[in-house]
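Please look through the chain below before reading the points. The notes are numbered so that each can be checked separately.

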Amino acid sequence: MKLYDGGRAPNARRVRVFLAEKGIEVPLVPVDMGALGHKGDEVARRNPLQRLPVLELDDGTILTESVAICRYFEELHPEPALFGRGALGRAQVEMWQRRMELNLLSCVAQAFRHIHPAMKEWEVPQIPEWGEANKPKVLEFLSILDGELADREFAAGEEFSIADITGLIAVDFMKPARITVPEELTNVVRWYQAISARPSAKA
């Protein structure tokens with residue numbers, strides 16, 4: 001088994017944080033995305049979408065998409081449960097994982113990819129207006145999240161989950177996207193400080 005890893009890229013990092021929370025070690029194959037290594041033959045043969053991460057199992061089976069890879073390891077190593085417990089708990093984690101991904105991480109990514117000069121060769125066509133249009137969407141969702149976090153410690157309830165991991169990755173990604181968490185969102189600030197202080201956040 002080996003994991004083709006994209007360094008600080010959000011989805012690659014999401015899997016590493018998940019594995020760190022589980023205490024699972026998987027051999028990494030570093031891929032330099034800055035040098036467009038993910039578009040090279042080694043990755044393209046395994047994932048025609050030319051995206052990372054890519055997990056190759058011992059029998060040659062390929063898994064792509066970060067959440068799918070995380071689900072695979074959750075099934076193999078159910079503790080700690082990062083996708084929730086029981087029917088309701090799992091549904092709540094799924095709900096918040098999707099919300100974090102679609103309303104936060106995706107919007108931050110669009111802002112970064114369509115505005116940052118370093119992405120001009122990657123995002124073709126780069127549409128700055130679309131990037132700017134996503135910035136207020138990020139702040140609107142964070143305001144909603146702040147209200148939700150007034151009554152609980154983590155995104156989906158009282159236990160840390162993949163929804164928090166996705167949120168951590170998204171908020172960290174806001175810095176290169178040049179979006180700042182408003183100071184008045186005190187619950188978001190408290191939540192982010194707590195999850196970013198976990199040892200797994202350094203993965």
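1. A salt bridge here is a side-chain nitrogen of Lys or Arg within 4 Å of a carboxyl oxygen of Asp or Glu. By this rule the count comes to 13 salt bridges. Side chains of opposite charge can pair when their charged atoms come close.

2. Some ground rules follow. The model is predicted, so local features need pLDDT of at least 70 and side-chain atom pairs count only at pLDDT 80 or more, while totals for chains, interfaces and linings use all residues. Residues are numbered from 1 along each chain as its sequence is written, and side-chain values use heavy atoms, with hydrogens and water left out.

3. Which residue pairs with R13? The side chain of R13 forms a salt bridge with that of D172, at 2.8 Å from N to O. The pair links distant parts of the chain, 159 residues apart: D172 is in helix α6 (residues 162-173) and R13 is in helix α1 (residues 10-22). Helices (H or I, at least four residues) and strands (E, at least two) are DSSP runs, numbered from the N terminus. R13 is buried, with a relative accessible area of 5%, whereas D172 is partly exposed at 25%. Buried means under 20% relative accessible area, exposed over 50%, and partly exposed in between (1.4 Å probe, protein chains only).

4. The side chains of K22 and E74 also meet in a salt bridge, at 2.6 Å from N to O. K22 lies in helix α1 and E74 in helix α3 (residues 66-76), so this pair ties together parts 52 residues apart in sequence. Is K22 buried or exposed? K22 is buried, with a relative accessible area of 10%, and E74 is buried at 9%.

5. R71 is in helix α3 and E94 in helix α4 (residues 86-115), 23 residues apart. R71 counts as partly exposed at 38% relative accessibility, and E94 is partly exposed at 34%. Elsewhere, a network of salt bridges links E79, R85 and E159.

6. Where is the kink in α4 centred? The kink, of about 35 degrees, is centred on E101; the bend at a residue is the angle between axes fitted to the seven residues ending there and the seven starting there. Q92 also lies in α4 and is partly exposed, with a relative accessible area of 31%. Q92 and G157 are 65 residues apart in sequence but 7.9 Å apart in space, C-alpha to C-alpha.

7. Backbone geometry comes last. Most residues other than glycine have a negative phi, and most peptide bonds are trans. A cis peptide bond joins L52 and P53, with omega about 5 degrees; P53 is in the loop between α2 (41-44) and β3 (54-56). Another cis peptide bond joins E79 and P80, with omega about -10 degrees, and P80 sits in the loop between α3 and α4.

8. Phi of E65 is near 75 degrees, and E65 is in the loop between β4 (62-64) and α3. R178 has a positive phi of about 60 degrees although it is not a glycine. R178 is in the loop between α6 and α7 (186-196) and counts as exposed at 55% relative accessibility.
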